[in-house]
Amino acid sequence: MTQEKLLEVKNLKKHFPVGRKEVVTAVDGVSFDIHKGETFGLVGESGCGKSTTGRTIIRLYDATSGEVKFNGEDVHGKKSKKELLKFNRKMQMIFQDPSSSLNPRMNVMDIIAEGLDVHHLVNNDKERRARVEELLEIVGLNKEHATRFPHEFSGGQRQRIGIARALAVEPEFIIADEPISALDVSIQAQVINLLKQLQRDQGLTYLFIAHDLSMVKYISDRIGVMYFGNLVELADSDELYHNPIHPYTQSLLSAIPLPDPQYERARKRMHYDPTIHDTSGPMEFREVKPGHWVRCTEKELEQYKKQLKN
Ligand SMILES: Nc1ncnc2c1ncn2[C@@H]1O[C@H](COP(=O)(O)OP(=O)(O)O)[C@@H](O)[C@H]1O
Ligand SMILES: [Mg+2]
């Protein structure tokens with residue numbers, strides 16, 4: 001992992017109009033960078049805006065405001081079709097529910113080859129088939145699977161097909177939106193291990209979205225915690241686990257079950273009460289110590305800093 005920035009997200013907002021006057025503030029000004037080769041975990045409970053953040057970064061949605069840069073280039077400015085296609089190849093997405101993200105009427109060959117076709121990455125049918133078979137092997141399936149249809153596979157296998165489809169265009173950056181949430185626990189670790197291995201082999205950078213902190217801990221270099229459209233805390237994984245500062249992060253951590261019965265009996269589930277915050281000034285993302293950011297007021301920042309010293 002380097003400190004070189006692959007993705008820069010600045011004050012990103014995405015509001016959805018609903019009805020005539022109402023607006024859903026799905027993402028309300030989030031800022032973070034992702035370094036080349038790292039896994040950045042984005043965590044928060046359902047509805048807090050994680051998917052919208054990912055989808056806006058990758059331009060499935062237009063941003064309401066804010067900036068996204070990829071390799072120093074603005075992703076959301078006016079772009080020609082050709083430029084958009086180029087970005088589209090570098091950033092791919094893996095979705096939560098592999099059954100609904102794979103077209104049931106297409107066979108595995110055509111599903112995986114879609115990106116090859118769109119980006120003209122193969123010259124003929126023979127090359128196309130060879131590349132798909134290679135991709136199937138890379139994700140732990142085999143070439144006989146190419147002629148089958150999504151419903152013939154288990155959830156874990158379907159997610160592997162989704163991963164192969166993303167890899168087909170040789171992306172630099174993959175947004176994995178809860179890629180294991182719909183899978184059996186026994187299968188989750190296999191998919192995580194595959195993603196980790198692919199990262200090592202192909203130098204990939206990940207934005208890994210999850211609704212709890214249990215798995216993210218093992219795969220993320222840094223983690224951002226999201227609450228109601230805002231990032232409330234961001235730190236190195238270890239730091240976030242050992243030194244959670246924002247009460248919402250603390251409540252998420254308290255929800256992780258541990259395979260230790262003694263600990264389990266003593267574990268206290270904390271609930272986050274958003275009304276406990278100081279209201280004497282504006283809430284901003286502030287650096288409590290190098291690399292560790294918390295959304296708070298000036299006054300809270302002083303408290304948090306003191307807390308750290310003890
Ligand atoms: N296309 C949409 N139109 C209107 N509201 C939406 C749309 N997509 C998401 N939302 C709303 O935006 C908020 C954030 O949703 P989402 O990004 O899916 O959260 P998460 O992925 O963290 O569960 C939710 O309140 C959701 O209902
Ligand atoms: Mg989501």
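Analyst: A pocket is an open set of grid points with protein on both sides within 12 Å along at least five of seven lines, and its lining residues have an atom within 4 Å of a point. The model shown here is predicted. Its largest pocket is lined by 21 residues, and Leu60, Asn88, Met91, Gln92 and Met93 lie nearest the centre. The volume of this pocket is about 610 Å³.

User: Which elements give two or more residues to the lining of the largest pocket, and which gives the most?

Analyst: The elements are α2 (81–90), β6 (91–94), α4 (108–118) and α6 (155–167). Of these, α2 gives the most, with four residues. By class, the lining has 13 nonpolar, five polar and three charged residues.

User: What makes the approach of Ser51 to ligand 1 a polar contact?

Analyst: A polar side-chain atom of Ser51 lies 2.8 Å from an oxygen atom of ligand 1. The cut-off for a pair of N or O atoms is 3.5 Å, so this pair qualifies as a polar contact. A backbone N or O atom of Gly47 lies 2.6 Å from an oxygen atom of the ligand, and for Cys48 the corresponding distance is 3.2 Å.

User: How much of ligand 1 does the protein bury?

Analyst: Taken alone, ligand 1 exposes 560 Å², and the protein buries 64% of that area. The most comes from α1, with three residues. The shell divides into five nonpolar, five polar and two charged residues.

User: Why is the pair of Arg222 and Glu38 called a salt bridge?

Analyst: The side chains of Arg222 and Glu38 meet at 2.6 Å, N to O. The limit between a side-chain nitrogen of Arg and a carboxyl oxygen of Glu is 4 Å, so the pair is a salt bridge. The two residues are 184 residues apart, with Arg222 in strand β9 (residues 222–227) and Glu38 in the loop between β2 and β3 (39–43). In total, the structure holds 15 salt bridges.

Terms used:
Residues numbered from 1 in each chain as written. Chains lettered and ligands numbered in written order. Predicted model: local features only at pLDDT ≥ 70, side-chain atom pairs only at ≥ 80, totals over all residues. Heavy atoms only, no water. Polar contact = N/O pair within 3.5 Å; in protein donor to acceptor, adjacent residues only side chain to side chain. Areas by Shrake-Rupley, 256 points an atom, 1.4 Å probe, with all protein chains shown as cover. Nonpolar A, V, L, I, M, F, W, Y, C, P; charged D, E, K, R; others polar. 1 Å grid on protein atoms, 1.4 Å probe; cavity = no way out; pocket = protein on both sides within 12 Å on 5 of 7 lines; lining within 4 Å. Points joined across faces, edges and corners; volume = space filled by probe spheres on them.
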